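The entries follow in the order in which I made them.

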Amino acid sequence: MPKTQYFRMNRRFQIPLKRDLSSIISLLNIENHDKFKIMIRTAILTMSDKGSRGERMDKSGQVIKEMIETLPAEIVSYEIIPDERDIIKERLIHLSDMTKADLIITTGGTGLSPRDVTPDVTLDIIDKEVPGMAEAMRAESLKKAPTSMISRAVVGTRGETLIINLPGSPKAVRENLSVVLPAIPHAIEKLKGDQRDCSELIGNNQ
Amino acid sequence: MPKTQYFRMNRRFQIPLKRDLSSIISLLNIENHDKFKIMIRTAILTMSDKGSRGERMDKSGQVIKEMIETLPAEIVSYEIIPDERDIIKERLIHLSDMTKADLIITTGGTGLSPRDVTPDVTLDIIDKEVPGMAEAMRAESLKKAPTSMISRAVVGTRGETLIINLPGSPKAVRENLSVVLPAIPHAIEKLKGDQRDCSELIGNNQ
Amino acid sequence: MPKTQYFRMNRRFQIPLKRDLSSIISLLNIENHDKFKIMIRTAILTMSDKGSRGERMDKSGQVIKEMIETLPAEIVSYEIIPDERDIIKERLIHLSDMTKADLIITTGGTGLSPRDVTPDVTLDIIDKEVPGMAEAMRAESLKKAPTSMISRAVVGTRGETLIINLPGSPKAVRENLSVVLPAIPHAIEKLKGDQRDCSELIGNNQ
């Protein structure tokens, strides 16, 4: 199994720190939610064998961060992990149930290669699938490249966490995320039980 | 659990009657199928906590009725029930297996709120999913509002009954149902075992 | 159960041979893979009760063959079988696991008739679903006929085999296959573990 390398971003995404898994986990359990009021607490999870060994820059994670910060959103976790079912599963569950992320965006592992398992693990751990978000991304990408139809990206929810799979390339990340970005705040409001038809984004108060 | 309120429509949809569950069930078991020859026997099932307590008018159910009656169709059941898994499941099974509806159209409970469970229950009780009808509805709605991509509406079949989930708002009902309406007669013919490539709608004779 | 009739195509698709199942199976286990280098080893599986009894010409299989041969592809198997769950399941598994086809294209049995079970059996035996290819086919067909939304065609993978369901009519086969055809070589490269972003199609060397 490839060695796993974790990064923890600061606000400007400039200081990647290498840490072991347990210390990262404690860091990610941010207890003081006050400063994230009206913020969508977002976790970025990059699946990349090479990236997790430090052999490849994670440009896709950077693109996600830039785009997500155009929302009222805060990055609470950023990790690069290998394409390993068990690791992906553990991180998705941890980020949903312990970190209490409102949103997890994954990049990579959505294709047909033998080590592309992100959608399969995502399907395993979600409560509800949100097929329309995945359909909308593929329909838009299809206008540009026929190969985009092999993306198996899944969108779904686990508890109050929305989980969105994106493909691995920075270009595909930008294309796909731009399609679902406008629907994310509304989706997260609803997921948190907001009953109003049209409302301001409310804070995370679980 | 919210109190359940049932309505039984007459032909002109003007006389809602409040009845308890058991009397409604016996009413719905219409034994004389003869007068429904060449008619699509349609059940409307509105999921609404407020509607089921009589606190909200069911405009969506009315829209469905108006649109369905442009087909060779007859409304054989109309109920407003709360967003409760067990009740929804019981009604979907009853309307399929006992009432022998050709078509069940649900409205409401398709989103991401914690009490939105209609698609989940529908997936539980159908034999076959018909993803193209749900995809077509979402693709059309997406042209108007990005939030429509969070509809998890499912279409599927149970025995010879076609079940279509629609979102809750009257506007979304109108938009979505107009997309699938032209395909409904053909779908129901096929479901009843018609082998012809192009044929008149035949009567319900199971 | 209807009598099953099997055909084995030669390169020009001109000599249908009637054989029993066991002799066909041995024929299909082509041991010498060398001559299929850079070829996509393709199996065509037509589901048709009438076709399997020799009562209907299989025009759809012919359309598939013509279109597939515009790729670097070779037809390694062609069979017409009845719409029987057990037979379809056995053939899909055999063509994937024993024949080691890179690609299985089915035609027929994707609709809502009681004997339309191809997508259901396909879902049973695939490892991974590739929903984008099915969505893309339906989205394109929908532009021409609303009834195309009732196609339940599934695309997925079993091991290193890509399985694509197509509807039964020659017209629908042509429309649907033309949508996914450009993505097939890339999909099969990836399925075989190719890690390059953009690469020539490589030979089958398992």
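This is a predicted model: local features need pLDDT of at least 70, side-chain atom pairs count only at pLDDT 80 or more; totals for chains, interfaces and linings use all residues.

Right-handed is the term when the near helix is turned clockwise from the far one by less than a right angle, left-handed when anticlockwise. Helices (H or I, at least four residues) and strands (E, at least two) are DSSP runs, numbered from the N terminus. I took axes as lines fitted to C-alpha atoms, for helices over the stretch in contact, with angles from 0 to 180 degrees between N-to-C directions.

Residues are numbered from 1 along each chain as its sequence is written, while chains are lettered from A and ligands numbered from 1 in the order in which they are written.

Next I looked up the helix α4 (residues 85-97) and helix α5 (residues 118-125) pair of chain C, which packs at an angle of about 45° with axes 10 Å apart. That makes α4(C) oblique to α5(C). Their crossing is right-handed. On α4(C) the contact (C-beta atoms, placed from the backbone, within 7 Å) uses C:Arg85, C:Ile88, C:Lys89, C:Leu92 and C:Ile93, and on α5(C) C:Thr118, C:Val121, C:Thr122, C:Asp124 and C:Ile125. I sorted these residues into 5 nonpolar, 2 polar and 3 charged. Nonpolar here means Ala, Val, Leu, Ile, Met, Phe, Trp, Tyr, Cys and Pro, charged means Asp, Glu, Lys and Arg, and polar means the others, Gly among them.

Which residues of helix α7 (residues 170-180) of chain B are buried? I found B:Ala172, B:Val173, B:Asn176, B:Leu177, B:Val179 and B:Val180. Buried means 20 or more other C-beta atoms within 10 Å of the residue's own, exposed 12 or fewer, partly exposed in between, with C-beta atoms placed from the backbone. They cover an arc of only 150° around the axis, which puts them on the same side of α7(B); the arc is that of the directions from the helix axis to the C-beta atoms. The buried residues of α7(B) pack against α3, β3, α6, β6 and α8 of chain B.

Technical notes: Two residues are in contact if their C-beta atoms, placed from the backbone, lie within 7 Å. Angles under 35 degrees count as roughly parallel, over 145 as roughly antiparallel, 65 to 115 as roughly perpendicular and the rest as oblique.
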